[in-house]
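Dear colleague,

Please read the account with the model open beside you.

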Amino acid sequence: MLQPRIALTLLAFICLSPRAFAASAEVPPAARAIIEHYLQATGGRAAFEAESTLHLKGRLVAQGMKGTYEAWVRQPGCLATRLTLGSLARRTGACGGTAWETDLASKRGHLLDGKDLESGLEEAWFETEQWARADGGGGTIALGSMSFAGRAQRQALEVTPPVGRPRTLWFDLRTGFLDRVRASRDHYEGEEWRADYRLMAGRKRSTAARPVGFSFDGENDGLAIDSVWANVPVPATLFEPPNPSSDAVAWLRSRGVARLPFRYESRAVWVRASINGAPPADFILDTGCSITALDRNYAMSLELPREGSSAVEGVGALAEASFSTVRRLRITAPDGDGVEVRGLKVSLVDLSEGMEPILWRKTAGLIGYDFISHFVLAIDYDRGILTFRDPAGFAYAGKGQAVP
């Protein structure tokens, strides 16, 4: 039964070859009994194994906004999603052990690697219920602790996928349903409660999910599944990344290359950038910032519209963020050289309070990975030069070694 984790879907799915789950796992009898009870409660093992494809649609409420959720499954373990939330949008998918996602404008897909790739493989494995297969899906399954709350008794299974981090799955011993999932990513831990099991497309499925344990979650945040279709045609193209779009990028002088000065101060790379044609301001180039962030007061001075509310962490503290759309973000040089990215979704955060005491100066924002990933970027610290190149025509020549 597919039911995505909601807490991480905005700020994040997969077609896996059988080779990814090649190993067969030994499932302890007590854990096997819990899984068989779950399968029986949701329609039986035969119904579960008869599903070759799924198509789901639902409604999403999160971070002060409403949206839609759509997912496609092709067994074994293939998963693709499309999510909208207010004006934000994202698609995810993968095939053959590779994972991808689009930016928040849903126009440009990029492949994931390293820990992001592992997280994508992990997500697909759990959400397509490979752990419920007769061989355990190649993962490791162990009996965990029990939980008692009122009249409810729950048994936990500690489940480790072939790739990625383990999760704790809690099953109601009376109904057999999976109603609680605990997972971690980086140093965060969160839970998702699943409820409202209904008969849809031949099996009983949880049609309501709500994340708990995350800051700024509203009372009504969560996902409601409205429609499910089983064993319907699911095109293979849904699991392939969309073709990169060059419409979002503009080169101000020479197509395919731009060289810009930067300042290295307070252990940060500072550049001059313009938002929607406004006078250039001081920004920090930050590869660790997944979505470009503007200081809230600076954004107000530009009269940028705001929507939604989310939680972000940086400089050792949590903060609340909203979102906006920037028509043009341009990094420029005094001689007119530069690059521009159009239609960028950005977060609006109070950066001055947390960062000014550390940086000893104000910043208009952080230019993040969503902007930087459009380019191959070289940083020459000796000369203070940033070189942006078009990835389509780039070929590395040198003695460096690639790292994830």
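Which residue lies over the face of W170? In this model, which is a predicted one, R180 takes that place, at 4.8 Å from the ring centre.

As for the chain as a whole, the protein has 6 helices and 25 strands, and 50% of its 404 residues count as buried. The chain exposes about 19100 Å², of which carbon and sulfur atoms supply 52%.

A search of the whole structure gives 11 aromatic pairs. In one of them, the ring centres of W131 and F171 are 5.9 Å apart and the planes stand at 70°, so the pair counts as edge-to-face, for which the angle has to be over 60 degrees. Since W131 belongs to the loop between α3 (114–127) and β7 (140–149), while F171 belongs to strand β9 (residues 167–172), the pair ties together parts that are 40 residues apart in sequence. W131 is buried, with a relative accessible area of 2%, and F171 is likewise buried, at 1%.

Another edge-to-face pair is made by F262 and Y381, whose ring centres are 5.9 Å apart with the planes at 85°. Here F262 sits in the loop between β15 (257–261) and β16 (263–265) and Y381 in the loop between β24 (376–380) and β25 (385–389), so parts 119 residues apart in sequence are tied together. F262 is buried as well, with a relative accessible area of 10%.

Finally, W251, F371, F375 and F388 form one aromatic cluster.

Note on methods
Residues numbered from 1 in each chain as written. Predicted model: local features only at pLDDT ≥ 70, side-chain atom pairs only at ≥ 80, totals over all residues. Heavy atoms only, no water. Helix = DSSP H or I, 4+ residues; strand = E, 2+ residues; numbered from the N terminus. Buried < 20%, exposed > 50% of the residue type's maximum accessible area, 1.4 Å probe, protein only. Areas by Shrake-Rupley, 256 points an atom, 1.4 Å probe, with all protein chains shown as cover. Phe/Tyr/Trp six-rings, centres within 6.5 Å; stacked < 30°, edge-to-face > 60°. Lys NZ or Arg CZ within 6 Å of the ring centre and 35° of its normal.
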